[in-house]
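Grab a viewer and a pencil. Here are some exercises, with worked solutions to check yourself against.

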Amino acid sequence: MSNIIRAALVQQKWTGDKESMIANAVEHIRAAASQGAQVLCLQELFYGPYFCQIQDADYYSYTEAIPDGPTTALMQEVAAQNNIVLIVPMYEVEQPGVYYNTAAVIDADGTYLGKYRKNHIPQVKGFWEKFYFKPGNLGYPVFDTAVGRIGVYICYERHFPEGWRALGLAGAKIVFNPSATSRSLSEYLWRLEQPAAAVANEYFVGAINRVGVEPLGDNEFYGQTYFVSPRGQLVGDAASDTEEELVVRDLDLDLLTEVRDTWAFYRDRRPDTYEGLVTP
């Protein structure tokens, strides 16, 4: 009996305001569900511009409580109405002055399952994230959903193999990496790092990026959203590098067993030799 999950990714352009970004995302979710999608991930900080191109405290106003904020509540309703698991990246406020780059995970019946807070925070030109975000403090959770165990890793974190491995060790079958990454800095890495992570950790990866040039800076977000298999092969084509797009693909989870039986990377790990990796 096949074990195929239909999964979806959304890459959006900045529409100019939060309300229309949310409405646009909901339209994509409904469209994906109409195509049979069972799980969907939105892009990093999906309802806003990528404001980290500048350092301006006015953008703290984009924060919401998770799960007690309005967007989480709306997405719970949308998930239940469409019977779809949702990964919803947002700007979270825990208390005044304490903000996180976070993704809420909502099950297909609308149940809020928990959240992932981005652990690795960049601070380089055009990506001034330490101005906006505290590093995550929830570890690397894996969520039991209607489509199986899924994990989340956010944007810049794809450069760090440790979190990818932690998610694999926790049993993730699909890991979503919502991003806001630009052509001038990292495009050459986009088709290298996530396929390599999928191979090394033997799971599917969904890599999501936004598109367009936004009013806050010169960064051109290059899209090219895609799914990649544990063999390191794209599942279908990558999305456009300039246009908004919904990507819907079938992921055969039986491939995970086949790949793991072939390569046995988890069997051959030597954690007894890795102590130095976590020495400051």
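Predicted model: local features only at pLDDT ≥ 70, side-chain atom pairs only at ≥ 80, totals over all residues.

Residues are numbered from 1 along each chain as its sequence is written, and side-chain values use heavy atoms, with hydrogens and water left out.

**Exercise 1. Check the span of helix α2 (residues 70–82) against what its 13 residues should give.**

Step 1: helices (H or I, at least four residues) and strands (E, at least two) are DSSP runs, numbered from the N terminus. Step 2: the expected span is 1.5 Å times one less than the number of residues. Step 3: for the 13 residues of α2 that rule gives 18 Å, and the end C-alpha atoms are 18 Å apart, so the two agree.

Now try α1 (18–34). Its 17 residues reach 25 Å from first C-alpha to last, close to the 24 Å expected.

**Exercise 2. Which residues of α2 are buried, and where do they sit around the axis?**

Step 1: take buried as under 20% relative accessible area, exposed as over 50%, and partly exposed as in between (1.4 Å probe, protein chains only). Step 2: the buried ones in α2 are Thr71, Thr72, Met75, Val78, Ala79 and Asn82. Step 3: they cover an arc of only 120 degrees around the axis, which puts them on the same side of α2; the arc is that of the directions from the helix axis to the C-beta atoms. Step 5: look for the cover over the buried residues, which includes α1, β3 (85–95), β4 (98–106) and β5 (112–117).

**Exercise 3. Describe how α1 and α2 pack: at what angle, and how far apart are their axes?**

Step 1: two packed helices are described by the angle between their axes and the distance between the axes. Axes here are lines fitted to C-alpha atoms, for helices over the stretch in contact, and angles run from 0 to 180 degrees between N-to-C directions. Step 2: α1 and α2 pack at about 20 degrees, with axes 10 Å apart. Step 3: the two helices are therefore roughly parallel (under 35 degrees; over 145 is roughly antiparallel, 65 to 115 roughly perpendicular, the rest oblique). Step 4: α1 brings Lys18, Ile22, Val26, Ile29, Arg30 and Ala33 to the contact, and α2 brings Thr71, Leu74, Met75, Val78, Gln81 and Asn82. Contact means heavy atoms within 4.5 Å.

Step 2: compare with the buried residues of α1, among them Lys18, Ile22, Val26, Ile29 and Ala33. Besides α2, the cover over them includes β1 (4–11), β2, β3 and β15.

**Exercise 4. Is Gln224 buried or exposed?**

Step 1: find Gln224 in the loop between β13 (220–222) and β14 (226–228). Step 2: its phi is positive, near 60 degrees. Step 3: its relative accessible area is 10%, so Gln224 is buried.

**Exercise 5. What does Pro230 contact?**

Step 1: Pro230 lies in the loop between β14 and β15 (245–252), buried at 3% relative accessibility. Step 2: leaving aside neighbours within four places in sequence, its contacts include Ala198, Tyr203, Phe204, Leu255 and Val259. Step 3: Pro230 and Ala198 are 32 residues apart in sequence, yet 4.8 Å apart C-alpha to C-alpha.
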